[in-house]
Amino acid sequence: MGLTLAEKIIQNHLVSGELKPGSEIALRIDQTLTQDATGTMAYLEFETMGVPRVRTECSVAYIDHNTLQSGFENADDHKFIQSMAKKYGLYFSRPGNGICHQVHLERFGKPGKTLIGSDSHTPTGGGIGMLALGAGGLDVAVAMGGGAYFITMPKMYKVNLTGKLRDFVTAKDVSLEILRILSVKGGVGAIIEWGGEGVKTLSVPERATIANMGTELGATSSIFPSDEVTRQFLKAQGREEDFVALASDEDAEYDRVIDIDLSALKPLIACPHSPDNVVTVESLKGKKVDQVCIGSCTNSSLWDMLKVAALLKGKVIHPEVSLSISPGSKQVLSMLADCGALSDIIASGARVLECACGPCIGMGFSPNSGGVSLRTFNRNFEGRSGVADGQIYLVSPETAVAAALTGEITDPGTMGSFPKVEMPKQFKIDDRAILPPAAEDEAKELSIFRGPNIKPFPEGHVLEDEIKAPLILKVGDNITTDHIMPAGAKILPYRSNIPFLSQFCFGVCDKTFAERAQAAGQSIVIGGSNYGQGSSREHAALVPLYLGVRAVVAKSFARIHAANLINAGILPLTFENPKDYELFSQGDGLILQDIFAGMDAGKVTMVDENTGKRAVLLCDFTERQKKILKLGGLLKYVGQGNK
């Protein structure tokens, strides 16, 4: 039996384990990336390990999330990260140079390499044939120190593409179609490989868009073959020497195969408040639109921006619509300026924002009260836009432009003929905003800048054989990390200050949570299925740890969040019988009994001490994970010399 593309890369990087779905494997990591919303904690953790220099082939620190400097906090964190990068051997991408995934695709990504990043959309790198994985900051810190990255061996899904996209139908519509088919939890535990004859019709930027949004499926990663299209992209970036041809074996076997005819797709739209709430654009025709945002790591490539400029050329946006455009990188912005496309965008009335994540992470450009906002982003979770009542829809750049011009949701195919847009054969290369690290001899003498907003991260609790704690909060299905630890311009500057950040924990669900949790001392949270979906932010584990949460019991967990809970020393437990979720109510006094024996047996019992109600909870941990939990987290585990 042959191997899939992902299996080949895994096999070439396997440190321990075997290619058996469900078993734990350890991977050698070639590259890492961080961004500033998660990077500060990752570098504090790396520093704690005492490793003098990063040990990967390439590690890059990006500044792209917390770029709004309305106080000293973000600027201080940027200086901290820059000083860490210079001293410890990382490249540093300066504020304004662009979104980490876009820049990494342009300047660093290599087919066949492994990449983990402290951002859930790191699988964007799958667009050029990388095995790219989102991870918590602590896992990235360990990888930078030369340690392996541990995951459960995924299942393999294949999406066979046939046909070719019609005008005004895009890679974003392909992403929304697979979300319609699988849902936000349909890819959990799987790597999705995209193949078939239709793949050859997709450019690398289009492939990257699709790989990027595989994260919204809950997938471990998404990956495309590395072929002639890949080679031409790397050649245009002046990196043809990085090209390696990669494909799955013809007799490779997959756990599931899905067929999509590109030529049959229509423009699609994801309605509030989930990326899988997908319908056709045509079905919402005429709905008034207040705001349009074009950009994010999903749709900010030069290819996307050139199409947007061509569609806006000679036109003016609707007087009741506010349009923002965020190019994905300095390279994209510079090339738009050089060819005159930027002038067409500006003349239309659009507001050009910085080359950064911006509105996608709630960093400015929030909609008006109850406003309808069409965005080319990857997530439309409730409250993520910076306002609680925003009605956020996810669309392609073409559908976004159509709405900006008409003031209502409009099928872009009704806007006339599609303008001719060609990609340049050579990209403009200017890496002066990517600062190299200091030489090793010089680095030894360098000091680290620390602002007053950087506080120590919370210490994990040594696990005891019994946990007796109140059920402090009970929530439903598809709770996101935005619910647990919100983003936005008011909160993101405090990502390195866990005590301050804690007051916002679960604020979307219950504004009294933080106060009640601190008063309780220690507590337990119960959730539904797919608990912790969304961002890789480990703050969604570190802040509950600070507030005394000792265990989270759910019907099922998102992969990265479950790993982050273990790394923080918090028990992630699942109901053996999902119906037992209904037995418990907020405020119950709960006891987790005989934890150590239960961990070895794979099952722990939870009892309500007042009513006697009980549920069996699954705790299928590896021996390594058991040690991490018993010691009180990954940092303590690594501190004892483990990797």
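## The β10–β11 pairing

In this predicted model, E193 has I223 of β11 as its bridge partner. Strand β10 (residues 190-195) runs parallel to β11, and 3 bridges join them. Two strands pair if DSSP finds at least two bridges between them. Strands (E, at least two residues) and helices (H or I, at least four) are DSSP runs, numbered from the N terminus.

## The sheet

The open sheet has 4 strands, in the order β11-β10-β9-β12, with parallel pairing. β11 (221-223) and β12 (256-261) are the edge strands; each has a single partner, so one side of each has no neighbour in the sheet. On average, neighbouring strands are turned by 20° against each other, direction ignored.

Two helices pack on this sheet. Helix α1 (residues 5-12) touches β9 (155-162), β10 and β11, and its direction makes about 125° with that of β10. Helix α6 (residues 171-182) touches β9, β10 and β12, and makes about 135° with the direction of β12. Contact means heavy atoms within 4.5 Å. Axes are lines fitted to C-alpha atoms, for helices over the stretch in contact; angles run from 0 to 180 degrees between N-to-C directions.

## Helices α9 and α10

The axes of α9 (residues 302-312) and α10 (residues 330-339) come within 10 Å and cross at roughly 35°. L302, M305 and L306 of α9 meet V332, M335, L336 and C339 of α10.

## Basis

Residues are numbered from 1 along each chain as its sequence is written, and side-chain values use heavy atoms, without hydrogens and water. Local features need pLDDT of at least 70, side-chain atom pairs count only at pLDDT 80 or more, and totals for chains, interfaces and linings use all residues.
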